Amino acid sequence: VKVEIQRPGGGFVQILRNGNEWRLQQPLVARADKVRVNALLDTVFGLRVTSFVRDPSPEGVRAPSPAASPVETAARADGFGLAPDQAVARIRVWSIGDDVGQELLIGTPANPAGSEVYAQRRGEETIFTLDARALAALAVDVNALRDRFVFGMAPEDVCGLRLLRGD
């Protein structure tokens, strides 16, 4: 399982799960804090559509194409800030056995108050809005996702302890 987040002003973060352990892979390689990563994932997977803005026409309905070209995506997302090179944020997730992953593009504010943002799953034509607070949750600093424990093991996994003090 892997998660990538390209965030506003926060750069690129890649997190990989191996067994029960989460590890930061980019922009640095380090153990990740399981609780904080799970909270971030709860935010990502808890996203709910606020309103549907644009759907494909009935004659234009087709199966989603994860490999949609940037030109196709940009043409469908014109005016919403959803072209891959214009998106305010991008979230990509892979599950076990998934080589392609699923990507969510987050675009420009959908209203003058900025309380909602446009969004679209890459390769799909439907454009919808999300609560803008979700975008703020993605702006977490990479260091906030780092595991703070000095030893990356559970106490019950220790089979010996040696304490040395002084000379």
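Predicted model: local features only at pLDDT ≥ 70, side-chain atom pairs only at ≥ 80, totals over all residues.
**Entry 1: the overall layout**

I started with the chain as a whole. I find 3 helices and 9 strands in the protein. Reading along the sequence, I get the pattern β-β-β-β-α-β-α-β-β-β-β-α. I also looked up burial: of the 167 residues in the protein, 32% are buried.

**Entry 2: the sheet**

Next I wanted the strand order. What order do the strands take in the open sheet? I read β4-β3-β2-β1-β6-β7-β8-β9-β5, 9 strands with antiparallel pairing. Then I checked the edges. β4 (30-31) and β5 (51-54) stand there, and each has a single partner strand, so one side of each is left without a neighbour in the sheet.

Strand β1 (residues 2-7) pairs with β6 in the antiparallel sense, and I note 5 bridges.

On to the next pair. Strand β6 (residues 89-94) and strand β7 (residues 102-109) are joined by 5 bridges and run antiparallel. Here I picked out Arg92, whose bridge partner in β7 is Glu103.

Lys2 lies over the face of Trp94, 4.3 Å from the ring centre.

**Entry 3: β7, β8 and their hairpin**

β7 pairs with strand β8 (residues 116-121) over 4 bridges, in the antiparallel sense. Pro109 is a handy landmark here, as it stands opposite Val117 in β8. I then followed the chain through the turn. The hairpin of β7 and β8 has 6 residues between the strands, and in this hairpin Gly114 takes a positive phi near 75 degrees.

**Entry 5**

β8 and β9 run antiparallel and are joined by 4 bridges. Glu116 stands opposite Asp131 in β9. In the hairpin of β8 and β9 I find 5 residues between the strands, and Gly123 has a positive phi near 90 degrees.

β9 also pairs with β5: 3 bridges join the two, which run antiparallel. Ser51 stands opposite Thr129 in β9. Is β9 enclosed by the rest of the structure, or left open? I checked its burial: 4 of the 5 residues of β9 are buried, so this strand is largely enclosed by the rest of the structure.

**Entry 4: aromatic rings**

How many aromatic pairs does a search of the whole structure find? I get 1. The rings are those of Phe80 and Tyr118, with their centres 4.7 Å apart and their planes at 80 degrees, so I logged the pair as edge-to-face. The pair links distant parts of the chain: Phe80 is in the loop between α2 (70-76) and β6, while Tyr118 is in strand β8, 38 residues apart.

Phe80 has a relative accessible area of 13% and is buried. Tyr118 is buried as well, with a relative accessible area of 16%. For my own reference, the cut-off for buried is under 20%.

**Entry 5: the largest pocket**

Then came the pockets. The largest pocket has a volume of about 370 Å³. Its lining comes to 15 residues, and those nearest the centre are Lys34, Asp147, Phe149, Gly152 and Met153. The elements giving two or more residues to this lining are β3 (21-26) and α1 (34-45). By class, I count 7 nonpolar, 2 polar and 6 charged residues in the lining of the largest pocket.

**Entry 6: the second largest pocket**

The second largest pocket has a volume of about 300 Å³. I find 14 residues lining it, with Val44, Leu47, Gln102, Leu104 and Arg121 nearest its centre. Which elements give two or more residues to this lining? They are α1, β6, β7 and β9 (127-131). The lining of the second largest pocket divides into 9 nonpolar, 1 polar and 4 charged residues.

Notes:
Residues numbered from 1 in each chain as written. Heavy atoms only, no water. Pairing = 2+ DSSP bridges. 1 Å grid on protein atoms, 1.4 Å probe; cavity = no way out; pocket = protein on both sides within 12 Å on 5 of 7 lines; lining within 4 Å. Points joined across faces, edges and corners; volume = space filled by probe spheres on them. Nonpolar A, V, L, I, M, F, W, Y, C, P; charged D, E, K, R; others polar. Phe/Tyr/Trp six-rings, centres within 6.5 Å; stacked < 30°, edge-to-face > 60°. Buried < 20%, exposed > 50% of the residue type's maximum accessible area, 1.4 Å probe, protein only. Lys NZ or Arg CZ within 6 Å of the ring centre and 35° of its normal.
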